[in-house]
Amino acid sequence: MTDPARPPAILVVDDEGLFRATAVEKLSGLFPEYRFFEAADGAAALRRVESHGLLDSGELSVVVTDIQMPKMGGTELLLALQEGGFRGRSIVVTAFGDDRLERRVRDLGALIYLEKPLDLEDLAHAVQDAVEGARSRVEGVTLAGFAQLLELEGKSCRLWASNPEGTGELYFENGSLRSARTGELTGDAAALEIFGWRQESRLDLLSGVTRSERDVTSALNLLLLEAMRRHDEEQVGGSAQEDPFAMFEGVGRDPVGTSDLMREEKAVTSPQEAMEDAMEIEGAIGVALVDFESGRSLGQTGGGDALNLEVASAGNTEVVRAKMETMANLGLEDAIEDILITLGRQYHIIRPLKTAPSLFLYLALERSKSNLAMARRQLASIERNLDL
């Protein structure tokens, strides 16, 4: 257990003596409440940790380490610390980085990965992130879907994504995507690259952390739509436009704006067209237009063996009735925007129509293939354009 009478420790490990001394001087000035320890390589670092009992006491809070060092490198050091019970946070600083090395050190618990030559201000920011941030692993959600949730909930955080296609960082402030970086790319270009990855990413979240500079200038949904468009063009053998936002001419690019980027290009003129459009939503299993007063389905598409839409439509009328009765009993003078039912393998979305209060759209999605946040926005757009 950590001794409350002794301040937490930060260990700086680097074989470049000048860099190590300068870094410790800078950091100790910013964090006077911490104790600092230095070492020239991994082996010396382990001896320093052992001689001061930093692992047994739990006082070792942050490790800043180079990778290529004599006697013992940074990856071996991180592995040894991990095996010894280190539960703090690690920052890797290296002049010989690549994506494979970054994924390797991330797997060993590295929170932040920086490449030399390094501005000491960047290192200070990284240590502050490690000291102040709360880290968590995000599972069971797509990168695009989770980014939209961060926007909707107004979060300030750093989101790190990694998969075989690459690694990248996204910084949010009060729900606005403020900065992005992957490889040598930054800003909008980096965000488009990250959101364009097709393979599932491992996501790590550091809450309460952001960057002071802003290099992303476009709204999140605009970036997501452009990334999806590029992917679709690649699948049919097309090529991305030189101006990545030419297709959105006239749409606002305010980075914290709330422009309706999901508006359909054409107005839906019939319930059948609405359901056909809903079936184009990624992961859609079936969709129905239901009258909850009578329990009858006025039209449906999809379903089949995966879902009996007749039974589902009738059953979900009871869900809508029960919710409306509960709202009345609570005296809530409000309208239902949508109702989400989350199953093990499916999402079911019920969306009452504002223009026809007795009707609702019912959409079933396969969880493993869908982006829930995007699906809800697309269904809302279809409902807005529905002409009854």
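This is a predicted model: local features need pLDDT of at least 70, side-chain atom pairs count only at pLDDT 80 or more; totals for chains, interfaces and linings use all residues.
Select helix H2, residues 42-51, where Gly42, Ala43, Ala44, Ala45 and Val49 are buried. Next, display the elements against which these buried residues pack: strand E1 (9-13), strand E2 (35-39), helix H3 (54-57), strand E3 (60-65) and helix H4 (74-83). At the start of H2, show the side chain of Asp41, an oxygen of which comes within 2.9 Å of the backbone nitrogen of Ala43. Just beyond the other end lies Gly53, with a positive phi of about 60 degrees.

On one side, E8 pairs with E7 in the antiparallel sense over seven bridges, and a hairpin of two residues links E7 to E8. E8 also runs antiparallel to E9, to which five bridges join it. Centre the view on Phe172 in E8: Cys157 stands opposite this residue, and its bridge partner in E9 is Leu177. In the two-residue turn between E8 and E9, Asn174 has a positive phi of about 50 degrees.

Then select Leu143, Leu159, Leu170, Phe172, Leu177 and Phe195, which touch the most other members of the largest nonpolar core, a set of 26 residues. Around Leu170, contacts beyond four places in sequence include Leu143, Ser179, Ala180 and Ile194. Finish at a second, separate core of 21 residues, with Val12, Tyr34, Leu120 and Leu123 among them.

Technical notes: Residues are numbered from 1 along each chain as its sequence is written. Side-chain values use heavy atoms; hydrogens and water are left out. Buried means under 20% relative accessible area, exposed over 50%, partly exposed in between (1.4 Å probe, protein chains only). Helices (H or I, at least four residues) and strands (E, at least two) are DSSP runs, numbered from the N terminus. Contact means heavy atoms within 4.5 Å. A polar contact is a pair of N or O atoms within 3.5 Å; within protein, one must be able to donate a hydrogen and the other to accept it, and residues adjacent in sequence count only if both atoms are side-chain atoms. A nonpolar core is a set of buried Ala, Val, Leu, Ile, Met, Phe, Trp, Tyr and Cys residues joined through side-chain atoms within 4.5 Å. Two strands pair if DSSP finds at least two bridges between them.
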